[in-house]
Protein chains: 2
Amino acid sequence: MRAAEPALVSPERLAEFFAPRSIAVVGASDASGWARFVLAAAAATGFTGPLIPVHPAHRTVFGRTVVRSLRALAEPVDLAFIMAPAQAVGEVLDDAAAAGVRGAIVLASGYRETGGGGLAEEEALAARAAGHGITLLGPNCLGFINAHARAGPFALTVPLPVLAGPVGVALASGALASAVLAFARARAIGISTLTTLGNEAMITATDVIEYLIADDRTRVICLFLEQITDPARFACAAERAGQAGKPIVVLKAGSSPAGSRAALAHTGSVAGDDAVVAAALRQLNVIRAASVEELLCTGGLLGYGRAPRGRRMGVVTTSGGACDLIADGAAREGIEIPEFAPQTEAAIAARLPPFAQARNPLDATGYFLANRRTSALTAADHALDAAVADPGLDFVLCSSLVLPDARPADEHAAAVLEERAAWLGRRIESSPIPVVMASTTCVDVTEYGRAVLAGHGIHQLGGIDLAVRAIGNAIGWAERAGQDPRSARRAAAAPAAPARAATVARRCGDGDSDEPSLRAESAGTCAWREDDARRLLAAHGVPVVPGELASSADGATAAAIRIGYPVALRVASAAIPHRSDVGGVALGLRTAAQVRVAYRRVRAAGAAALADRDGAGGPGDRAGQNGQGDRNGQGDRNGRNDRNGRGDRGRRADGIDGVMVTKMRSGGIELLAGVTVDPAFGPVLAVGLGGIWVEVLADVSLRILPVGPPEIREMLGELRGAPLLRGARGARPADLDALADVIARIGVAAASLGGTLRTLEINPLWVDGDQIEALDVLAVTTAAQTANPDLSGAAALAQNGDKQ
Amino acid sequence: MRAAEPALVSPERLAEFFAPRSIAVVGASDASGWARFVLAAAAATGFTGPLIPVHPAHRTVFGRTVVRSLRALAEPVDLAFIMAPAQAVGEVLDDAAAAGVRGAIVLASGYRETGGGGLAEEEALAARAAGHGITLLGPNCLGFINAHARAGPFALTVPLPVLAGPVGVALASGALASAVLAFARARAIGISTLTTLGNEAMITATDVIEYLIADDRTRVICLFLEQITDPARFACAAERAGQAGKPIVVLKAGSSPAGSRAALAHTGSVAGDDAVVAAALRQLNVIRAASVEELLCTGGLLGYGRAPRGRRMGVVTTSGGACDLIADGAAREGIEIPEFAPQTEAAIAARLPPFAQARNPLDATGYFLANRRTSALTAADHALDAAVADPGLDFVLCSSLVLPDARPADEHAAAVLEERAAWLGRRIESSPIPVVMASTTCVDVTEYGRAVLAGHGIHQLGGIDLAVRAIGNAIGWAERAGQDPRSARRAAAAPAAPARAATVARRCGDGDSDEPSLRAESAGTCAWREDDARRLLAAHGVPVVPGELASSADGATAAAIRIGYPVALRVASAAIPHRSDVGGVALGLRTAAQVRVAYRRVRAAGAAALADRDGAGGPGDRAGQNGQGDRNGQGDRNGRNDRNGRGDRGRRADGIDGVMVTKMRSGGIELLAGVTVDPAFGPVLAVGLGGIWVEVLADVSLRILPVGPPEIREMLGELRGAPLLRGARGARPADLDALADVIARIGVAAASLGGTLRTLEINPLWVDGDQIEALDVLAVTTAAQTANPDLSGAAALAQNGDKQ
């Protein structure tokens with residue numbers, strides 16, 4: 001995607017790009033609504049530099065003298081806003097280059113978002129700009145507004161006034177920008193730079209993040225994204241944002257399959273699996289908002305004043321109903337409302353009417369309305385004064401300041417209000433803990449309200465519902481920022497560990513090559529033989545249930561004696577990943593006779609399953625044609641050789657490697673721990689309890705690899721089935737530290753496969769107190785290209801075993 | 001609670017009460033903020049009648065001549081707004097009565113909400129008003145606003161202007177009223193009557209609902225409630241609202257434990273268990289909102305125009321981002337966004353720019369801005385025109401109309417906008433399916449916006465997030481309203497069925513009385529003997545697993561032979577409801593020898609459990625003192641007598657009734673079906689899968705009884721574990737119709753116990769395809785008062801067995 005040299009989109013270059021002192025509007029005409037908006041936006045932002053219409057045919061546009069071409073400019077402008085049709089844009093870029101213009105916005109649609117040839121055209125466009133040394137925003141975008149630099153090359157309505165402030169914004173959907181600006185103004189949330197991103201042909205969302213991190217005016221970064229195009233760079237930027245103390249808040253579209261479709265239709269890019277995106281954002285400590293309103297209110301809270309960092313909330317209101325709603329919201333967000341300390345309670349009670357209770361959450365009541373006010377301050381204000389000194393609180397949410405639409409005509413009332421606001425501003429400033437102000441419902445802050453709030457340094461969140469969500473977001477961010485931030489944030493940024501699988505002998509689907517085949521370029525995938533996969537785990541310190549691969553009933557009984565009864569038998573075939581589904585598993589075998597019977601049964605079941613597949617004409621068409629079934633009896637007595645990965649050549653022409661004999665485990669809890677590869681984010685670790693927990697409840701926690709044991713303990717804690725691990729229903733509590741360590745090792749084992757990894761799944765991972773063992777393992781990697789054409793059928797079968 | 005005759009709060013009387021033509025403000029003074037607000041609210045609502053300050057000491061108040069007492073009024077006013085302190089209110093009521101005043105609002109706090117003596121004072125207040133024939137709102141309230149009647153005796157800020165409209169509002173928290181009015185104005189949502197409820201000493205929320213149902217100006221009823229004080233009356237009102245086609249939307253505080261505390265502090269009433277409230281509201285087809293904003297937006301959607309009634313949504317926007325957000329929200333709400341029909345797609349495509357796609361959800365793009373507009377209508381408008389005719393859609397959500405803050409100075413632009421709005425209004429009116437208009441974010445509708453929208457009959461929801469929630473609420477309401485509404489709505493209204501348990505012989509904890517004891521007044525509760533509980537179920541047609549109560553090892557083996565092996569044994573004791581926890585259960589017994597061993601083991605385990613309890617000094621202190629343990633061997637051979645409830649006298653001095661021998665069931669799925677009694681809503685049916693589903697996942701569906709099989713099928717479908725019933729993980733799919741029928745019978749069996757019911761729990765209720773059986777049952781009723789003091793220990797133990 002990146003067609004430009006990094007220098008063209010570096011924070012330094014973008015700082016110039018986003019602060020142009022002169023702008024040409026190419027393709028401007030009196031008929032163009034876009035041109036009209038660009039002129040209006042320039043006025044709205046207080047742009048004072050030259051704003052020059054460029055058009056080959058017109059003489060004046062909106063009363064301004066037109067230049068026929070960029071080449072005709074007396075001196076180069078900083079930025080060309082190109083609203084010419086797509087087919088003319090390339091030529092305009094040439095003109096811009098000739099005129100010494102270094103920045104361009106391309107409005108035209110019809111590129112990547114249309115699919116097909118549009119992508120090539122877009123790449124050509126970006127390459128052309130890069131060739132000219134031009135930094136390009138778009139195409140298919142509407143420009144930007146830099147409120148502090150008073151520059152607004154922006155082709156959509158700008159609600160007035162434009163408020164400058166600490167919130168940087170980047171939007172994948174340009175048409176949302178007006179609505180975002182309208183809501184920001186309604187909530188008195190000032191922006192630093194707001195940019196639409198368009199198709200990100202050159203300047204990407206990540207570039208803008210890097211620019212906003214470097215931008216002194218920006219304290220928080222709010223994004224609307226339809227995809228995360230380059231997760232590794234995004235992760236690096238997120239880490240830097242964290243280091244800079246600038247939270248990132250993302251409204252990520254496509255949280256639903258339908259949403260993904262809409263995102264696809266709009267931008268032509270496939271949104272990643274949302275659960276993976278959610279896990280990645282969480283690991284990167286990127287806040288995820290669920291609406292534009294939540295996005296901006298969270299940005300406002302984090303951008304202005306001090307955001308809460310702990311969960312103990314004091315609440316000061318003048319309404320019992322507000323207390324109720326705040327308490328309900330707090331419970332949803334996991335925010336506590338502890339009792340006030342006795343001295344706080346006493347101080348508050350002294351100012352309350354006798355029928356009111358000095359409890360947290362506090363309803364100070366409207367009793368101050370009963371008598372003439374002798375002070376600007378109300379009982380709620382005195383309560384706030386006391387609450388901020390309470391040693392048991394991390395912050396106070398205060399919903400007591402109601403602003404009239406306009407300055408009261410009654411001068412005394414106005415003076416009282418403004419004196420009170422001034423006191424509040426000072427008390428919030430001097431408070432030892434953060435004070436979050438919120439209105440009761442989400443209504444606009446009027447011009448007068450903005451003046452009063454801004455005049456006293458107060459930011460007021462828009463309604464209890466959004467306020468409590470924003471607070472929950474802010475606290476979560478602070479908590480994760482307080483954790484070992486580097487390791488957490490680096491997670492998605494880190495490449496998969498270099499391939500270490502070469503140290504583990506492994507055969508891929510066929511028995512003819514003991515050499516590891518890690519050719520990532522291979523088109524197909526293949527499932528490993530289980531004994532190979534077991535050795536991979538063991539090599540990384542993952543405890544594996546004692547077991548041996550047997551090739552005959554005698555071999556199985558001999559293995560069982562070495563392992564110790566009871567044992568379990570499973571047909572071993574790379575082509576049958578789900579053995580229990582086909583009757584290929586026998587459990588709880590206690591005698592040699594039982595093992596013999598079971599051996600024949602599971603092997604026959606496996607053969608039948610493969611034969612069924614052949615009959616069905618599936619991808620394993622050619623497997624099992626040899627029809628040798630159980631008759632491949634050689635090598636019966638060299639189970640040890642099996643474990644060393646030798647002595648099995650030529651035995652699996654029916655697609656069955658043999659039968660895995662393992663120690664039988666019962667009781668305890670069965671987990672699933674698996675690594676798959678997300679097309680965008682790379683290896684993803686999934687941890688869950690087995691059985692219904694995965695199949696019916698989809699109760700799985702995800703993380704982008706690598707993750708360490710502390711994060712894995714957190715994953716285990718997120719599971720709905722977590723109480724079972726802690727000993728619910730009479731189970732032995734699992735040794736969670738040991739379990740997290742084992743799962744971390746599974747992650748490392750997966751990473752050792754490098755780019756060939758497709759799936760490494762342990763299911764079940766058995767836990768009984770501090771006993772932890774992988775009972776069954778499935779490894780799938782990109783298929784080895786072999787020289788033996790006869791094995792292509794097995795390779796196809798193996799591909800079928802890919803669980804992704 | 002109801003101190004008044006119904007006539008004082010009838011809809012007819014309240015129609016007068018809420019439309020006063022003359023108002024006295026008692027206790028008004030220049031110093032009173034409340035009085036100032038009442039005067040301002042009168043002006044705001046356009047009140048033209050007499051508004052007379054009444055005060056014993058002042059001569060004028062805010063320039064108006066003061067009357068010294070209500071008795072001094074020349075003629076009676078319709079309403080007295082009493083803002084005198086609590087201790088003076090009673091006398092003012094006497095004055096009011098003497099003056100012929102029939103309505104009063106009491107503002108004073110210090111009644112029920114303070115606990116203690118406040119409740120008695122409040123009851124005395126209500127009784128005094130009732131004695132005078134005065135209808136009373138409050139105390140601890142702030143009055144009301146009737147926008148259509150232009151009356152606003154309301155003691156808090158009124159954001160101007162007051163908009164008259166179809167939304168009736170009642171608020172348990174008076175101080176929320178200003179915020180509610182502010183948000184309603186911001187969203188251009190007009191109200192009919194908005195009233196604060198205060199402590200509901202006489203006029204209750206339900207009375208207001210009945211009034212609003214009868215009020216022609218009201219189309220939808222929005223409530224903020226901290227409790228549902230009289231569920232039966234509330235249910236009747238909800239049913240009537242449904243019949244009248246007026247949806248009720250409730251914001252119910254106390255959805256969290258912390259919220260319950262806040263509600264308690266505020267109103268002095270205990271909120272019911274929220275899950276039960278949620279179930280009841282659902283059954284009554286009352287919409288539940290999660291915020292004030294959602295409450296009012298849902299009210300606005302249902303109050304204005306036509307609300308969606310089906311789930312197939314067409315989407316017309318001018319922004320891909322809006323499409324994404326709508327799609328994500330729709331997925332959350334279970335709303336579908338199907339493909340457009342081919343003819344719709346063709347009609348839309350004809351008006352779109354070439355790079356845009358005519359797909360649902362539609363981004364019509366801002367391309368119309370490229371050229372001079374030749375028509376007021378945009379591509380989005382033409383798309384709407386086509387979409388409303390699509391046969392595959394139930395409604396269209398349209399987010400394409402952006403209103404400027406004020407009328408554009410450019411007359412042409414203003415004319416184009418207004419022509420477009422007029423067309424939209426007409427097209428929405430003529431559309432065969434509902435069209436829901438929404439802004440992109442939740443910002444205020446300005447005065448100009450209100451004029452444009454109201455002028456063309458358009459209601460616009462506030463932002464995509466709230467709009468989609470409101471639509472989801474409306475569709476859910478319509479769907480439930482379309483179901484057999486009477487049975488559903490009557491559910492919570494219906495009293496428990498009359499006690500029919502008298503037809504089933506039953507003994508309560510002791511063996512000395514075969515007479516049913518249904519004295520509901522009894523303080524304690526007692527758990528039934530299992531064989532009694534089994535007979536109760538059988539009498540109501542609930543299939544019960546074959547079983548017999550045995551009193552000796554011989555008796556158990558004899559029973560096992562009659563029942564057929566394999567069998568299960570469970571120690572039978574009303575004092576041990578959780579038998580498996582104490583080792584009192586033996587499963588899968590296949591021989592007489594196994595039964596004998598198991599009999600002794602489970603009986604000993606039961607005895608040990610009871611002894612442990614004694615040792616622990618629990619409520620069963622005196623039980624088991626006889627220490628007879630297993631030695632009570634008489635009656636061994638009359639298992640049949642056991643089943644008939646005789647022949648067991650004197651055998652259970654150790655607290656153990658014997659050992660229940662039942663047919664062993666395995667495979668299948670184990671459910672829990674139980675009835676408990678909610679203090680507010682009465683008998684509540686809980687249905688869930690057994691084991692982890694209840695214990696770890698709390699995966700239970702609730703309904704207030706009675707419910708019929710169709711509703712129970714819905715309950716089963718709501719369970720997270722529902723896929724197991726449908727055959728996931730290889731289980732036989734359950735016969736859901738048969739299962740629902742059995743569970744309905746369990747509900748009837750519970751109802752048959754009338755007021756004595758405390759718990760009737762079948763756990764497990766075993767299901768294997770169409771085989772359904774109660775394997776174990778626990779019945780707890782209010783304890784019988786017996787004349788035998790020696791049994792009090794057993795009664796206490798039985799009380800301990802109460803699972804509630």
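## Backbone features

Asn285(A) lies in the loop between helix H9 (274-283) and E13 of chain A. Its phi is near 55°, a positive value in a residue other than glycine. Helices (H or I, at least four residues) and strands (E, at least two) are DSSP runs, numbered from the N terminus. This is a predicted model, in which local features need pLDDT of at least 70 and side-chain atom pairs count only at pLDDT 80 or more, while totals for chains, interfaces and linings use all residues. Residues are numbered from 1 along each chain as its sequence is written, chains are lettered from A and ligands numbered from 1 in the order in which they are written, and side-chain values use heavy atoms, with hydrogens and water left out.

One runs from Asn360(A) to Pro361(A), with omega near 5°; Pro361(A) is in the loop between helix H12 (342-349) and strand E15 (362-363) of chain A. Another joins Leu160(B) and Pro161(B), where omega is about -10°. Pro161(B) belongs to the loop between strand E8 (144-146) and strand E9 (164-171) of chain B. Most residues other than glycine have a negative phi, and most peptide bonds are trans.

## Mixed sheet of chain A

Six strands of chain A make an open sheet of mixed pairing, in the order E8-E10-E9-E11-E12-E13; two strands pair if DSSP finds at least two bridges between them. Strands E8 (144-146) and E13 (287-289) of chain A are at the edges with a single partner strand each, so one side of each is left without a neighbour in the sheet. On average, neighbouring strands of this sheet are turned by 20° against each other, direction ignored. Axes are lines fitted to C-alpha atoms, for helices over the stretch in contact, and angles run from 0 to 180 degrees between N-to-C directions.

E8(A) runs antiparallel to strand E10 (residues 191-196) of chain A, and three bridges join them. Opposite Phe144(A) stands Thr195(A) in E10(A).

## Parallel sheet of chain A

In the order E2-E1-E5-E6-E7, five strands of chain A form an open sheet with parallel pairing. Strand E2 (51-54) and strand E7 (135-137) of chain A are the edges; each has a single partner strand, so one side of each is left without a neighbour in the sheet. From one strand to the next the twist averages 20°.

Strand E5 (residues 79-82) and strand E6 (residues 103-106) of chain A run parallel and are joined by three bridges. Phe81(A) has Ile105(A) in E6(A) as its bridge partner.

## Salt bridges

Over all chains the structure holds 78 salt bridges, each a side-chain nitrogen of Lys or Arg within 4 Å of a carboxyl oxygen of Asp or Glu. Among them is the one between Asp94(A) and Arg128(A), with the closest N and O atoms 2.6 Å apart. Asp94(A) lies in helix H3 (residues 86-98) and Arg128(A) in helix H4 (residues 117-131) of chain A, so the pair ties together parts that are 34 residues apart in sequence.

## Interface of chains A and B

In chain B, 86 residues are in contact with 85 residues of chain A (heavy atoms within 4.5 Å). The two chains bury about 6200 Å² between them, 60% of it on carbon and sulfur atoms; buried area is the accessible area (1.4 Å probe) that two parts lose on being put together, summed over both.

Four salt bridges are counted between chain B and chain A. Asp405(A) forms a salt bridge with Arg185(B), the closest N and O atoms being 2.6 Å apart. On the side of chain B that touches chain A, H11(B) gives the most, with ten residues. The residues of that side divide into 40 nonpolar, 25 polar and 21 charged. Here Ala, Val, Leu, Ile, Met, Phe, Trp, Tyr, Cys and Pro count as nonpolar, Asp, Glu, Lys and Arg as charged, and the others, Gly among them, as polar.
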